[in-house]
Amino acid sequence: MPKAHGSVGSETGGATVLKRNQVQDFCSFTPKLLKFCYQACHQCRRRKLKCDARRPCSTCVRSHKHARDHAQPGANLPEKPECTFDEVATTETLSAPSDSPKNRFERLETRIKELEALLSQKEQEIPPDANPPGSSAPSSTQNSPSSIQSVPLTSRSGSASTMSFPSDLESLLSPSTLDVNAQMVNPYFCNENSGLIGDASVGTDTPLLSSSMDIMWSHWPVNLPHPELIRHLVEMFFLFHPHASRLFHRGTFIASLSYPPDHPDFPITPILHAICAVSAIYTAAGGPRTDAADFSYEGQFAQPDLPDTFAEQQATHAKEAVERYLNRGQHLIQCVQTYVLLMWYYWCHSKWVELYTCSGQSLRVAIPLGLNICPPFCSLHKSSPRLSIISPPRTPIEDETRRNTFWLAYAVDRQHGSGTGWALSLDDDDIAQVFPVTMEQFELGIPVNYNVRQWCHVREAVLFHPPDITDSFTLYIKSTMILSFIKSFNHRYRIKSNLGDVKFLPVENLAIQGYGDQLDIRSCPAFLELDQLLVSFRSSFPSNLKDPFRQGLVDSHLYTTFLTLHVSIILLHEPHSNVHRANCTSAAKILESARMILDLIYAVWSTNYDIGLLDYFCPFCWYLAGRVFSRFLRAAQDAGHVQQMETLRAELDFVRMALGKMAERLPLSHRYHKMLDACILEVCDTAVVYSSPADGRPVPAVTDQRLRAGTSVTQTSAPQHDMAHFLKIIDLDPQP
């Protein structure tokens, strides 16, 4: 390094060595005092960025401005940028440093490291504002499956709006396949409750991604978006979808994305297409999302004419590609996983026909793969010695992934089928599979002996929950099985009773309530068995799984389990309820269940959790509760109970408001919102006027004048119907 001569040195005339990024302050020079300071500020040296040595430097000013412009709501940022420099070093006596070989080697090594850092920085050419200090990548803790299903209530960490990602991901969409004429969306603009706003736009003059992101495999699939966009959507999928870490083993799947596209462990293209379609509701990176509010309601099973959005295109590519793999008999397990993803997409967008056909396809493909059954419960037929047409799993993780894939396909088939009169795709008698293990055992790949696991075909297993192999997802699957039992009973009762099945024949000597000359179906053994099963299941929950909001966290699986239990009671008793009879036990039970569903809505609404991230079955449960309230509202209207009308209309108001809030993210919720409005109009024979809630709970609704006019006639005799028995307000515990 060059040396400063003694003419500007100390008294002794010794030479002074000036290091790189140091400057001598000649203005403050005194014969016995030399001042030195680093030219770059602390922040630029730490981030390895260029610094112009201004106070503050232009780099810190630009980074501070970027951080303030894109700060999350409530973030506390300083008014001025933080730009600090070294204190001026002083010494009374400066002597010439030793010029030994050791010192020279040290100076050379330091210089080499500095040059290497400059060279690396020159190659990358990352702009200073590409990664603002306030935005950092999600940590492994945030992406862990445990945090995906359980989100703190004290912050909006359950909302998709809290994630930061490169704002020019729109440019990563493949131009050869995507014709979406959409503006760029800045993900940092967010709604306080509902997450990302799809119509916020930013300029695209300066690219924010490094040039290294433009490098792609030469054989990258044509219809897939850019790898960076794929990775971003996959991260959003695992972070926000309640079942993502059950359908795939997160660590294994993320690692497989690093392989080249022709690697045998790289995910097949239909899976990536389907993940892109499902994840589009959680991020604005793919362009504007489908807004179901723009489509008019034309009935429950009307197919919405969705625009050709990014998600719709990816779903189309996934469906076409998975059929090609099926025709060739390749990657069959991943084909079933693709169908599960497509079911979620079709369900989310209320495309009932596609959902029904895709659900049936997934379970029919799962049968020859042996996913619905485990040894030793195999067929007696000897022509096919193998239980499955695919090879056995190689690891416990692969084994549990296959089992979880089947159970998720089963759950969707049962949940969406409970709202239709159509037959289910697979009979429960053809399933002999063990229940899934806990999330921890699945993540760590811990094998669990079959001797200690529970079989689904054993009816008593639904009521017993060993703590070592039971978590909220296990209860979620068990509640879905109970839902399936009730669906099968309602669907097959007339056939079974016609065949003379004694379990489906009512007992003649039992009291008949509301059936006239007909026998009471509720007296048949099959109905009584299901009714008792619901009561027992309600009281069998382990102590650590009795509250879906335990320790300030929202457990989506457990919350849906509670809703499923109450919905099962409504589905079992609603066909036999007579709301005009005070002694009708079925009417009392469906009203109690509807109000317990309402309490669960109150509970999740009182948190900061984004309700758009709940399971897709939740809006159906809420709609069903609203439908029950509408029936009792009509009964109160006929009986002339104005006070009960006020209460029921306030409850309906809150259910509608919750569906409308969820509809900001889920088009499915918008469909149920419209269905509930149509049900109110049909049942109550009037258009109901609703008021807005004041502080989380609805205020008494303004009673429609036409409705009040029809019930304000002076009663000259006793009312025909006694409504006090089942219209009274009761405090219900949301826990079963």
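**Helix packing around α18: exercises**

The axes of helix α18 (residues 618-639) and helix α19 (residues 642-662) come within 9 Å and cross at roughly 160 degrees. Axes are lines fitted to C-alpha atoms, for helices over the stretch in contact, with angles from 0 to 180 degrees between N-to-C directions. Helices are DSSP runs (H or I, at least four residues), numbered from the N terminus. The model is predicted: local features need pLDDT of at least 70, and side-chain atom pairs count only at pLDDT 80 or more. Residues are numbered from 1 along each chain, and side-chain values use heavy atoms, without hydrogens and water.

**Exercise 1.** Classify the pair α18 and α19 by direction.

*Solution.*
- Recall the classes: under 35 degrees is roughly parallel, over 145 roughly antiparallel, 65 to 115 roughly perpendicular, the rest oblique.
- Take the angle, roughly 160 degrees.
- α18 and α19 are therefore roughly antiparallel.

**Exercise 2.** Describe the residue classes in the contact of α18 with α19.

*Solution.*
- Contact means heavy atoms within 4.5 Å.
- In α18, the residues include W622, F629 and L633; their partners in α19 include L648, L652 and V655.
- The contact has 15 nonpolar, four polar and two charged residues. Nonpolar covers Ala, Val, Leu, Ile, Met, Phe, Trp, Tyr, Cys and Pro; charged covers Asp, Glu, Lys and Arg; the others, Gly among them, are polar.

**Exercise 3.** Classify the pair α16 and α18, then sort their contact residues.

*Solution.*
- Helix α16 (residues 556-573) packs on α18 at about 40 degrees, with the axes 10 Å apart.
- α16 and α18 are therefore oblique.
- Among the contact residues are L563 and V567 in α16, and F620 and L624 in α18.
- This contact has eleven nonpolar, one polar and no charged residues.

Note on methods: Helix = DSSP H or I, 4+ residues; strand = E, 2+ residues; numbered from the N terminus.
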